[in-house]
Amino acid sequence: MTRDVFIQASYLAASISFILGLRMLTRPDKARRGMQLAAVGMLFAVVGTLLNHTIVDYRWIVGGLVLGTVIGYPMGTRVPMTAMPQRIALSLTLSALAATLVGVAEYYTRMNAGTPPDRVTMTALGFEIMLGCITVGGTIVAAGKLQEWLPSKPLTYKGQNFFNGLVFLAILVLLVSVISDPMKQWAFYSMIGISLLFGIMLVLPIGGADMPVVVALLNSYSGLASCATGFAIGNVILIISGSLDGSSGFILSILMSKAMNRSFTNVLFGAFGSEVTAGTGKTSEGLAVRSIGVEDAAIQLAYAQLVIVIPGYGMAVAQAQHMVRELAELIEKRGGEVKFAVHPVAGRMPGHMNVLLAEANVPYDKLYDMDEINSEFDRADVALVIGANDVVNPAARTDKSSPIYGMPILNADRAKSVIVLKRGMSAGFAGIENELFYDKRTSMLFGDAKASLSGLVTEIKNV
Amino acid sequence: MSSELLELYVFVLAAFTGYMVISRVPPLLHTPLMAATNAIAGISLVGSLIAAGAAANRVATILGFVAVVAATSNIVGGFIIVDRMLKMFKRDVPSAKKEEVTAK
């Protein structure tokens, strides 16, 4: 009895530390301590669980804990910040995998002992397996695409949505049939396979730029899977942590879709990049871009009062964040002001640009959200666009036929002048021409972002 | 009240709390937030430990063992990454810096 009280107390302490930890994550200066608190809470929960009287054999547990630590430690210390999107996707895979395996073990044990789960438990187990397997399948594909082991272009074929719909229907039928009769083992086990397949099919048609939404959505699935595990084995801490994880994923996916002015269904079933050939958008014919040399761009930047930098995925690809910081410091030393405008969906995951810039030692009070900075473009002398495209495309405001119409954008076109660092004139991810590049006030500085930036730094030093 | 209903209460209240707390996290910290909630989701270790240690049958033990490995690596790696990330977020101290320069 005292043992049970101790276990429950450790779970309560863990829950409180998780919530307080997340609460402290609202303040960048307190966030770190908050997460250390959460880690201590995790330790409490684990120690509490080890006292559980149903645990009789500690050999596999110790082996698993040791092996997990050996694998997890380098996954924490060695992975570079630039690989963070795929690392996050992979950690979703792992947590969903653990939840799924616990569910299968629970079902197998009950069937083996001749005490099949009742309907309530079976419902929880069913959802756990379904959500867990969809997350595992989906996140593996997402991680593969982000790591570019798989083509990051959307993979589409005719009748794709119809086929996926059929697969999902099959999952629902299996789910209902196993809940109505938990003895149907074939239904349970085939649901595992088909849910995995569905997860894979769901993410294959989704392109790189839509990844933030998908990763966030899968995050909420994996949280719900943990929750369902909690219901299935009657464990409250799993329910609490799972719902924290689930709501975080839910909030992020809503924010991300809003920032793209698209609904979930559109992201999941729209296969954005593939259909734009049909989407009209204005073509570039007859328009000319103004190309600029490093020297001229350097002079503009050197004498600017306010420079707003707009980083995009191109900056991450070129690994140019450190060069950006150097450039910004140089401009500031000359008396100019530099601010960074971060669009919510810039990059491949929520907050991607912020982490990269923080890694490059850009102080976080210089990083501004879209809403904070958009009114300041009017007074900016230069908007410096580094490897961003769709998030500054004015067509989102004006061109109703454009696929990105309605998406909130950064007002780069309102700055007195715009310098765009870009590798070539290829269209952005969405495959749409960007009017901003043809604007009178815009100059294009072609070349690799990192090389261009280091050129700018050298030139500004000479000005 | 049945235990399932009680669990449902816990779920609804926790989800509500989560929503209230997490919607206040600034976009600046959205990546650390994802990493943090993933590390916390490693809590499925709790279920995995029970499956691995209950010695119910060989299949459950092995599945539990794999789950323990997956969840542990997620927790260890996850919390290390969050800490690494949050360590990078620094505030600018322009006034302090300028004073230093003038002092020289």
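These are my notebook entries on a predicted model with a chain A and a chain B.

**Ground rules.** I number residues from 1 along each chain as its sequence is written, and chains are lettered from A in the order in which they are written. Because the model is predicted, local features need pLDDT of at least 70 and side-chain atom pairs count only at pLDDT 80 or more, while totals for chains, interfaces and linings use all residues.

**Entry 1, chain A overall.** I looked up the secondary structure and found 17 helices and 6 strands in chain A. These are DSSP runs numbered from the N terminus, helices being H or I of at least four residues and strands E of at least two. The C-alpha trace of chain A spans about 80 × 50 × 35 Å along its principal axes. I then checked the radius of gyration, taken over C-alpha atoms, against the globule rule of 2.2 Å times the number of residues to the power 0.38. For 463 residues a compact globule would have a value near 23 Å, and the 25 Å of chain A agrees with that.

I count two residues as in contact if their C-beta atoms, placed from the backbone, lie within 7 Å.

I followed α4(A) to helix α5 (residues 119-146) of chain A; the two pack at about 155°, with axes 8 Å apart. Axes are lines fitted to C-alpha atoms over the stretch in contact, and angles run from 0 to 180 degrees between N-to-C directions. The angle therefore makes α4(A) roughly antiparallel to α5(A) (over 145 degrees). The residues of this contact divide into 17 nonpolar, 7 polar and 2 charged.

I found 78 residues of chain B in contact with 97 residues of chain A. On the chain B side, α1 (3-22), α2 (30-41), α3 (44-53) and α4 (58-88) of chain B each give two or more residues. The largest share, 28 residues, comes from α4(B). I noted 49 nonpolar, 21 polar and 8 charged residues on this side of chain B.

How values were computed. Angles under 35 degrees count as roughly parallel, over 145 as roughly antiparallel, 65 to 115 as roughly perpendicular and the rest as oblique. Ala, Val, Leu, Ile, Met, Phe, Trp, Tyr, Cys and Pro count as nonpolar, Asp, Glu, Lys and Arg as charged, and the others, Gly among them, as polar.
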